[in-house]
Amino acid sequence: MEWYKIVGSIVTLIGSIFLFLGALGVFRMPDLYNRMQAGTKATTLGTILTLLGIGICHYEWLGQILIIIMFIALTNPISSHALARAAHFRGIPLTKGSVADKLKEKESSEVEVN
Amino acid sequence: MNITNIVHIIGFALILIGFWGMLTQKNMIKIILGLAIVEVGVQLVMVAFGFIEGRTAPILDSAVELSKASELIVDPVPQALVLTAIVIGVAVNALMLTFVIRLYQKKRSLSINDYKDLKW
Amino acid sequence: MIKRIIPAILVISIFFMLLKVMTNITPKYDLTGVSKTYAEQGASDLGAMNLVTAIVVTYRGLDTLGEVAVLFMAGTGIALLLRRKKKKKGSVAKKREASEILQTGSKLLVPIIMMFGAYIFINGHLSPGGGFQGGAAIASAVMLMFLADNSFKINHKVFGLIESLSGMFYVIIGILGLVMIGADHFLDSRLLPLGEFGKILSAGTIPIIYTLVGLKVGTELASIIDNMKGDLE
Amino acid sequence: MELQQGIFILMGLAMIIAAGLAMHVKDLISSIIAVGVVSLFASLLYLLMQAPDVAMTEAAIGAGLSTLIFLYALHKTKDVEEEND
Amino acid sequence: MTNLPEILLQISTYFVSAGIILATLRLIKGPSMADRVVALDTFTVISISLITLIACISGRVIFLDVGMVYAILSFIGVVAVARYLEGGL
């Protein structure tokens, strides 16, 4: 019984719970921006933890797994940022309880200056 | 109910859905999307023909013993066929979409019902 | 009404056809015929770890040549159909620029994706992957530059040169096999020594052929995307 | 073994639902996205059927290239479509 | 006790499958197309970890290459749809 396998599988389990919670947030959150936050932040953390756990289980694969983690950390924020910006310009409304809309404030102030 | 049969059912269901969409939709882009779904179904069925349960991928690295390779790996020939079919599929889709764009520039319509030049 | 009935009849008949096919399939339990031969002899014969690569490049090399030709014809057809017209002044619709994060990120990611595509097709005989996948990755890098930068244009001369040179060398390697090995060895990969099993420089000409195929497929798909984008010049 | 069959059936159901959605919804972007989902799950199925080469091809082409080609075609034929909506 | 890691990995596979089901429900429900794109984004991220789990269960290191391709190329589709929606294509 190797101890690193137990540690790795526990880390994987925590990561998969984060993945599940992210998907639950995608399903349950009230508006698009909240859903996007759940679907990006939680799932990115979950994926990184899952990969790390498997990397601990099979320590000889750790190099490739670190490369995958680097790719995810580089690409995931870009896609969700582009999507959120597009949804904002498309005019998809925020939910009722939201308190701040910085992009709109910035745009309106730029229009006033011009 | 083994895995080959499950994948065959999935593939055949995709083929039927794609055909139904191709035959009933009016929008030409949607017809091409139906053809893309049919392609995915056919490729799934073809890969499932070569799948053997309990065997591993046809790449002979340290996990596969070289002398007993033919008893340990799945069939590589359908995989090679599907590999080329996918690339061809996307090129053919692009060509058909080009035809749609040209037709649209001619008649300003995407509906298949507006093109009845050869209808008898 | 008739427009619903005829498709329904057709789909139901296709369903019964597929049902007939499905009930006659028995799952395989062993390799048979040609695939058994490939699995037994492929490794010692060609020195490639990846048997799919061995089949695509050497055993079925002529099919791959034909496929590259089909891809070339599709690309040419798209370029012919979507010929560009000269731009009239002031007629161009204004497009929204990409955000700064996307621009910076694409500057960071495009070289990585290009390098990764090259890694995929150079390692085609050792790991999954090969010319088609690597070509798709290179085309995706070009696509990311199109998405991030509205004024980006590809250099048609360089792309056309790479495409035609790689296609030409592919055919030349095939004919060399015909000349040097024997009459029925078109596109044979055993021109060069097979080398040590499992190293990068092994398996004869398979890495060279897959690199050429990768360059050709990548430039081909990139020019298809460029033509589909088709802004007026 | 049970778990593996369960994953196959789950992914197959997701694929069939996405394909039906692609043919059913009115708006074209949603149906292009649904076809992207179909090709994503197809790539996972290839991986489960021990065909990593095919899975890699489907991932590299179905993820970006095919979606973008459809979107360009949609962009070029857009003006009438927005009138109809 | 000896096969505790395998049991834990199986439980993680169940959690990931439940995530797929929930994201599929959002794909069906999604009122606007942007919601469906969010579902696609979630699918791609989940599928990377599923690929790694498959590689771990079947014990082949070569499957990680597919995961690498997915990790670096799958975001391009989402970016393409986003650029289309904001009118910059």
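## A buried pair in chain E

E:E86 and E:R83 are both buried, where buried means under 20% relative accessible area, exposed over 50% and partly exposed in between, with a 1.4 Å probe and protein chains only. The two residues also form a salt bridge, with their closest N and O atoms 2.8 Å apart. A salt bridge here is a side-chain nitrogen of Lys or Arg within 4 Å of a carboxyl oxygen of Asp or Glu. Through shared partners, salt bridges join A:R85, E:R83 and E:E86 into one network.

## What you are looking at

This is a predicted model, in which local features need pLDDT of at least 70 and side-chain atom pairs count only at pLDDT 80 or more, while totals for chains, interfaces and linings use all residues. Residues are numbered from 1 along each chain as its sequence is written, chains are lettered from A and ligands numbered from 1 in the order in which they are written, and side-chain values use heavy atoms, with hydrogens and water left out.

## Where chain E meets chain A

Let us follow that network across to chain A. The side chain of E:E86 meets that of A:R85 in a salt bridge (3.4 Å, N to O), and the interface of chain E and chain A holds two salt bridges by this rule. There are also seven residue pairs in polar contact between these chains, both residues at pLDDT 80 or more. A polar contact is a pair of N or O atoms within 3.5 Å; within protein, one must be able to donate a hydrogen and the other to accept it, and residues adjacent in sequence count only if both atoms are side-chain atoms.

On the side of chain E that touches chain A, two or more residues come from each of α1 (4-29), α2 (33-58) and α3 (63-85) of chain E. Helices (H or I, at least four residues) and strands (E, at least two) are DSSP runs, numbered from the N terminus. The largest share of this side, 15 residues, belongs to α2(E). Sorted by class, the side has 32 nonpolar, nine polar and seven charged residues; Ala, Val, Leu, Ile, Met, Phe, Trp, Tyr, Cys and Pro count as nonpolar, Asp, Glu, Lys and Arg as charged, and the others, Gly among them, as polar. In total, 48 residues from chain E and 47 residues from chain A take part in the contact, meaning heavy atoms within 4.5 Å. About 4200 Å² is buried between the two chains, with carbon and sulfur atoms giving 79%; buried area is the accessible area (1.4 Å probe) that two parts lose on being put together, summed over both.

## The nonpolar core

The largest nonpolar core has 189 residues, and B:L44, C:M228, D:M15, D:F41 and D:M49 touch the most other members. Such a core is a set of buried Ala, Val, Leu, Ile, Met, Phe, Trp, Tyr and Cys residues joined through side-chain atoms within 4.5 Å. With 18 residues, α3(E) gives the most to this core. Leaving aside neighbours within four places in sequence, D:F41 is in contact with D:M11, D:A14, D:M15, E:I20 and E:F43.

## Salt bridges in chain C

Over all chains, the structure has six salt bridges. In chain C, one of them pairs the side chains of C:E163 and C:K216 (3.9 Å, N to O). C:E163 lies in helix α7 (residues 156-180) and C:K216 in helix α8 (residues 206-229) of chain C, so the pair ties together parts that are 53 residues apart in sequence. C:E163 is buried at 12% relative accessibility, and C:K216 is buried at 10%.

Another salt bridge joins the side chains of C:K36 and C:E40 (3.8 Å, N to O). These residues are separated by about one helical turn because they sit four residues apart in helix α2 (residues 33-46) of chain C. C:K36 is partly exposed at 30% relative accessibility, and C:E40 is partly exposed at 47%.
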